[in-house]
Every structure is written in C-alpha cells, then in structure tokens.
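Subject: Handing over a structure

Dear colleague,

I am passing this structure on to you, and below it you will find what I noted while going through it. Please read the notes with the view open beside them.

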Amino acid sequence: MTFVTRLCVFLLLPLAAWADTDCRPDVDASRPQFTIGYGSLMEDESRRRTAPNTGHAVPVIVTGFERGFIAPGSPVGFSTTYLGVVQQEQTQMAAAMYQVFRVEDIKATDRRESGYCRVDVSPDQIRVLDGTAIATQGQYWIYVNDPARSATATEQLPLVQSYIDIFLTGCQQLSERATAYEGDFAVACLETTGGWSTHWVNDRLYPRRPFIYQPNAGWIDRLLDKHIPEFQSVRIE
C-alpha cells in the first residue's frame with residue numbers, strides 16, 4: 001500500500017471519532033516532558049526560534065507514525081504543503097526528540113499547532129540513536145494531523161525548497177549525533193517521508209548561486225537527486 005493510499009484510508013476515518021479525541025491530554029508536570037519533532041523542528045536554529053526552552057535534540061527512530069507532505073498551509077496568498085504525520089502501525093520514521101523544560105511551552109505549542117492533535121508516544125516506540133538510554137518515566141508527545149485538514153501538495157500549495165532545506169539540514173545535523181545508528185540518518189529521513197510531489201518549486205534566493213544563502217544546497221540537491229525521483233520536476237520560482 002502506497003503512502004497516498006494509506007493517507008486516503010486515513011481520511012476516510014469518521015471525523016466524529018477525531019472530534020471526540022482528547023486533542024490536548026493532561027501534562028504531568030512531575031515527569032520529564034519530551035517532544036518528537038519531524039519537520040522544521042529537527043533543525044537546531046529553527047527549533048530554538050519556536051521552542052527556546054528546550055534541551056539538546058537527539059536522533060530517534062519512532063514506530064507507529066508515518067510522516068509525509070500532508071499539511072496544507074493557508075490557501076490565501078502564497079504558502080506551501082508542510083510535513084505532518086498520521087498514526088500508522090508498524091511504520092517507522094527518523095525524527096528528533098528533545099526535552100521541554102516548562103509546561104507553559106507545551107501549552108504554547110498547542111496553541112501554535114492548532115490544526116494538529118498532541119498525542120502521547122510510548123517509550124517502547126522510541127529508539128534513541130545517540131547511545132543514551134530513554135527516560136522511561138518521561139511523557140513523550142507528537143503532533144498528528146487532523147484528517148479533515150490533510151492533503152497532498154497541489155499547484156497552489158506546492159512543496160517549497162526553502163522548507164525542505166530546513167528539514168534536511170536538521171537531518172544532517174542529527175546524522176552527526178546518530179552514533180548508535182547503523183545507516184545514514186539523513187537518508188533514513190528521506191526514506192521515511194511520503195507525499196513527495198512534482199508540485200515542487202525552488203524558492204531559494206538567486207538559485208544559480210544557492211550556496212550564498214543555503215550553505216548545504218549542494219549536499220541537499222545531491223541527496224534529493226539520488227533518492228527522490230520527483231526532484232527532477234522542481235521548477236524555479
């Protein structure tokens with residue numbers, strides 16, 4: 001079953017069941033709190049801008065969730081289709097995990113991620129790849145998509161290179177910390193991401209010399225060219 005087929009099945013789930021779900025479970029402030037990031041929050045600078053009161057991010061493999069470009073931005077003006085996740089048994093994805101030191105920051109993230117539900121992740125679903133042990137007493141959270149707001153990329157809401165650059169730069173940073181992983185963590189990021197689309201634009205500034213604004217441009221482009229066939233369809237914006 002392809003990623004798009006699984007997404008279609010997910011979208012057919014009764015919306016009433018989603019509405020009845022507790023989208024903001026209680027946070028036990030007496031326990032360590034951790035968030036699993038799977039998109040722009042994997043990149044250090046991006047994460048610090050949006051979640052400054054957090055610890056060092058570590059690379060992880062998470063079971064039971066599937067990542068894809070399934071989170072459309074605003075249809076007004078110019079936006080993109082972002083990464084999101086759905087719950088999917090036996091599926092794995094490469095992601096980042098970081099500790100959140102203040103409950104208020106979790107609540108603030110809840111408000112920012114208004115189109116997502118925060119759900120708990122069991123410690124036995126998480127494999128830490130930097131050689132450290134997982135804190136079994138902690139609470140672990142991930143934000144999953146509302147099926148009513150999930151869709152793959154379109155011409156109006158394409159994939160954009162600047163967002164993919166942030167995602168893959170985060171994967172590259174985490175690769176250096178994945179000392180207990182037998183493979184290439186950055187490649188695992190690509191291989192555990194669905195929803196790649198030919199609706200994809202290169203919005204880097206001065207793309208003929210992209211390294212001026214995106215130092216990882218050459219590495220990112222070679223990685224995408226090798227592993228993602230849709231990269232051949234990217235158009236300059």
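The helices α5 and α7 are roughly perpendicular to each other, a label given to angles of 65 to 115 degrees, whereas angles under 35 degrees count as roughly parallel, those over 145 as roughly antiparallel and the rest as oblique. Helices (H or I, at least four residues) and strands (E, at least two) are taken from DSSP runs and numbered from the N terminus.

Before going further, please keep in mind that this is a predicted model, in which local features need pLDDT of at least 70 and side-chain atom pairs count only at pLDDT 80 or more, while totals for chains, interfaces and linings use all residues. Residues are numbered from 1 along each chain as its sequence is written, and side-chain values use heavy atoms, with hydrogens and water left out.

The model as a whole

The protein has 237 residues, of which 51% count as buried, where buried means under 20% relative accessible area, exposed over 50% and partly exposed in between (1.4 Å probe, protein chains only). Its secondary structure comes to seven helices and ten strands. The mean pLDDT, which is the predictor's confidence in each residue on a scale from 0 to 100, is 87, and 87% of the residues reach 70 or more. Some caution is needed over residues 9-20, where pLDDT stays under 50 and for which the model has 14 contacts beyond four places in sequence; contact here means heavy atoms within 4.5 Å. Of the contacts between residues at least 6 apart in sequence, 80% join residues at least 24 apart.

The helix pair

To return to the two helices, α5 covers residues 161-175 and α7 covers residues 217-227, and they pack at an angle of about 95 degrees with their axes 10 Å apart. Such axes are lines fitted to C-alpha atoms, for helices over the stretch in contact, and the angles run from 0 to 180 degrees between N-to-C directions. On the α5 side the contact involves Gln 161, Ile 164, Asp 165, Leu 168, Thr 169 and Gln 172, which meet Trp 219, Ile 220, Asp 221, Leu 223 and Leu 224 in α7. These residues divide into six nonpolar, three polar and two charged, if Ala, Val, Leu, Ile, Met, Phe, Trp, Tyr, Cys and Pro are taken as nonpolar, Asp, Glu, Lys and Arg as charged, and the others, Gly among them, as polar.

Five bridges join β1 to β3 in an antiparallel run, with Gln 33 opposite Val 100, and three bridges pair β1 with β6 (residues 139-145) in the parallel sense, with Tyr 140 as the bridge partner of Phe 34. Two strands are said to pair if DSSP finds at least two bridges between them.

Within β3, which spans residues 81-100, lies Gly 84, and this residue counts as buried at 0% relative accessibility. Leaving aside residues up to four places away in sequence, Gly 84 touches Tyr 38, Glu 66, Arg 67, Gly 68, Ile 70, Ala 71, Tyr 116 and Asn 145; the C-alpha atoms of Gly 84 and Ala 71 are 5.5 Å apart, although 13 residues separate the two along the chain. Gln 90, also found in β3, is by contrast exposed at 70% relative accessibility, and its phi is near 70 degrees, a positive value in a residue other than glycine. Most residues other than glycine have a negative phi.

The open sheet and the chain end

Three strands form an open sheet in the order β7-β9-β10, with parallel pairing. Strands β7 (159-160) and β10 (235-236) stand at its edges, each with a single partner strand, so one side of each is left without a neighbour in the sheet. Two bridges pair β7 with β9 (residues 200-202), and Trp 200 is the bridge partner of Leu 159.

In the segment after β10 comes Glu 237, which is exposed with a relative accessible area of 62%. Not counting residues up to four places away in sequence, Glu 237 touches Val 201, Asn 202 and Asp 203.
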